[in-house]
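Please read them with the coordinates open beside you.

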Amino acid sequence: MIRHLLKLAWHRKRSNALLLVEIAASFVVVFAVGVLALYLGSNWRRPLGYDWKDVWAISITDERMRSSDTLDADARMAARLLDEVRAVPGVVAAAGVDSPPYAGWTNTSNFDVNGRTVEFMSSGATVDADKVLGLRVIEGRWFSREDDARPWQAVVIDRDLAHAFYGDTPCVGRTVPGTGTESGGQEMRVVGVIDEFRKNGELAAPGSFLFGYVSAEARSGVARTDAMVVRVPPGAAVALEEAVVARLRAVAPQWSVDVRTLEQMRASRLWEVCTPVVVLGIVAAFLLLMVGLGLIGVVWQNVARRTRELGLRRAMGATRMGICRQVLAELVLITAMAMLVGTVLVVQIPLFAPFAWLPSTIVFEAVLLAMTVILGIGLAAGLYPSWATTRIHPAEALHHD
Amino acid sequence: MRTTLKIALKVLLRRKFFTLVSLFAVAFTLCVLLVVTAMLDHVFGPNGPDDRRTLVVLNAEIAGEHSRMNGSAGYGLLARTLPGMPGVERSTIFAEPRERTTYHDGRRIVCDTRRTDGEFWKVFRFDFVEGGPYTPEDEAQAAPVAVVNESARERFFGSGSALGKTFELDGKRLRVVGVVRNVPSVRMLTFADVWIPTSLSRSDAYKQELVGDFQGAMLLAPGTNGSDVSAEFARRVSTIPLEDARFKTLSAQAHPLFVAVASSVLFEGRPAAVVGFLWLAALLFMGLPALNLVNLNLSRILERASEIGVRKSFGATSGALARQFLLENVVLALCGSLLALPATSIVLAVLNRSGFASYTAFTLNARVLGWGMLLTLAFGVVSGVLPAWRMSRLHPVGALQGRFE
């Protein structure tokens, strides 16, 4: 049967070739949208690692020229601003964090560990940041005042990074690879491990994270952060926000202060990521509808053109179902070949460097999804024309010209 | 020609289902392309306050062997290059808009705030609802004044005049001197909710910056060749001494807005490449719909076989037939574009309402329609060439007998 169908398809290779290209192209379109949607979906299901509700992010920047003589004063001022915010009635907790969740800026570093490159995002953070953001410490502890006196900089890393640095062994108290004496740089030591911290939000790629201890009194490391995070009671009024800003401006008139709620920042992040995907999805859906309608037309014409051949088969005793099956099977054959071509094309994608981040399971799932959709469209497009052929009366068909 | 058109219409009306499917394909394709064109026109075309010929400086980069800093241009760079440029009527230096949160009568108001000089209001022509702009003298004296748009006026003061009223922004109390009509947020040179003098800053540090958060625009005098001004700007940039020893080179370019944006994203300031890239993208997008139409048309050769056979037997050349079929396809594309226009205006109206960019009013203007015409013709030709060629090459005898492959 299949050999027979192949022969029939081969006889009309020129028109089938173009059809094949069209179906393969649609396959690639479905695959592309599918990969994006599945990728974002899989990110969405991963744990976030923090609680964004009822938290504000306040950026505090000094607009004057930065110079080394003001560093100490700046650090003391940043620490004082933090204390001022904590003292405002109604504020639950406050801490300094350089890049708060959902903020546009990030600091990314690459370390060589045992010959592998480990890439991670990092941010400075002060004591209490775990309380404000609801971070879950799974080993060791968060930063505390006792870290001020250390000759090394205390860091807290997330589970991914702990695994990348030390494998599955306990890591509290160990030196971060590539820092310290042998490299001549500032030594960093791990004081705690948190579960996860996906700074760029629910839809962002999973990544590793490192928090470095920040304190104006620390003997080593960074002295101040550019932003602070503040936990407020649920449904805090605008008046509280105004009071906090007024307090900050009164203490540091030279500094620029700006408040955002994490809820707003999260909404705009999600909107930025989702909008292109939704637009792509709508355009792709229309493309597929168009392809499906076109396919109906093409199959219809092909069948009409072969009235004689199909009529002959009917005259020789083929059943209606048999004819119907033949038409559908030919269409499925072409669709299958097109999907093969499409699959061969798209499985190359993870091999290219710009797409290396794409997990192969997602590519696999997207291929399956695209196959289902395209096969469904092919079958749906073939249904009416193949049914139409069964209405042909054999005698009429043989007379047909 | 008239007969050809008549035949084309008759063919379209003969098989309604196929015509509808083809029209849907054409209309959908053109609708997407027209929406993109209308958006590009709204972002880059001459409309709103910047409707005259300008060159803009958006980005700057300083680089050394080990370090590199890039971002928007700095005030220092622009102040040393823009004044006194030959062939330029006026020039202005202004900051990128920044979101500022402020509290007014117990409400929280977020405003995109842009710092500008006084010349800004002469290079760009805003539509003032009341009052007027602040002057270069206001800027020099750091006068606490502001121009706001209608939306900000509404949010701060409700309805009624706002002239002379004051509001607090970033710790300073500002007096409203003018109210302008809302500028769409996609107009990247002019958009803001509140405009204030550049000098209303906490420090003078910005005056030294080569890379910072400023942009510059030069209004070209009539008859000036833009590329001469670009070249002179590049020469002036190269003469700026670099005080920081870590850096060796400073680069910044002046271009028309579209080229400046496109070249900072994709290409190194080659306008032809940018336009070529857009056409390539449009053609790629047309690919699948065109293929769809090609397949549909090819499968319909049978219908036309006897016609082709007869015409060939009576001496019609392949060329004449190919032209006829191509024309039929272009007519189909034109009919499709008639459907695409109302569809496009519906999509644009939905986009305008959705608030995905504030104050936008995407419209189908004459420029967009012109582009739409070009795209329609391109689509008609791209999807019609192959079937026309295949049909015209049918062998007359075979065609008359109904053999077609």
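1. What is the accessible surface of chain A, and which share of it belongs to carbon and sulfur atoms? In this predicted model, the accessible surface of chain A comes to about 19300 Å², and carbon and sulfur atoms account for 63% of that area.

2. On the overall form, chain A contains 11 helices and 10 strands. Its radius of gyration is 32 Å, well over the 21 Å that the globule rule gives for 401 residues, so chain A is more spread out than a compact globule. In keeping with this topic, the box filled by the C-alpha atoms of chain A, taken along the principal axes, is roughly 100 × 50 × 35 Å.

3. Turning to the interior, buried residues make up 50% of the 401 residues in chain A. When contacts in chain A between residues at least 6 apart in sequence are considered, 81% of them join residues at least 24 apart.

4. As for charge, chain A carries 40 positive and 39 negative side chains, and the centres of these two sets lie 13 Å apart.

5. The last point concerns the interface, where 43 residues of chain B are in contact with 44 residues of chain A. The area buried between the two chains is about 3900 Å², with carbon and sulfur atoms giving 59% of it. Of the area that chain B buries against chain A, 19% is supplied by Tyr103(B), Arg202(B) and Leu288(B), which is more than any other three residues supply.

Note on methods: Residues are numbered from 1 along each chain as its sequence is written. Chains are lettered from A and ligands numbered from 1 in the order in which they are written. This is a predicted model: local features need pLDDT of at least 70, side-chain atom pairs count only at pLDDT 80 or more; totals for chains, interfaces and linings use all residues. Side-chain values use heavy atoms; hydrogens and water are left out. Helices (H or I, at least four residues) and strands (E, at least two) are DSSP runs, numbered from the N terminus. The radius of gyration is taken over C-alpha atoms; the globule rule is 2.2 Å times the number of residues to the power 0.38. Buried means under 20% relative accessible area, exposed over 50%, partly exposed in between (1.4 Å probe, protein chains only). Contact means heavy atoms within 4.5 Å. Accessible areas come from the Shrake-Rupley method with a 1.4 Å probe; for residues, only the protein chains shown count as cover. Lys and Arg count as positive and Asp and Glu as negative; His and the chain ends are not counted. The place of a charge is taken as NZ of Lys, CZ of Arg, CG of Asp or CD of Glu. Buried area is the accessible area (1.4 Å probe) that two parts lose on being put together, summed over both.
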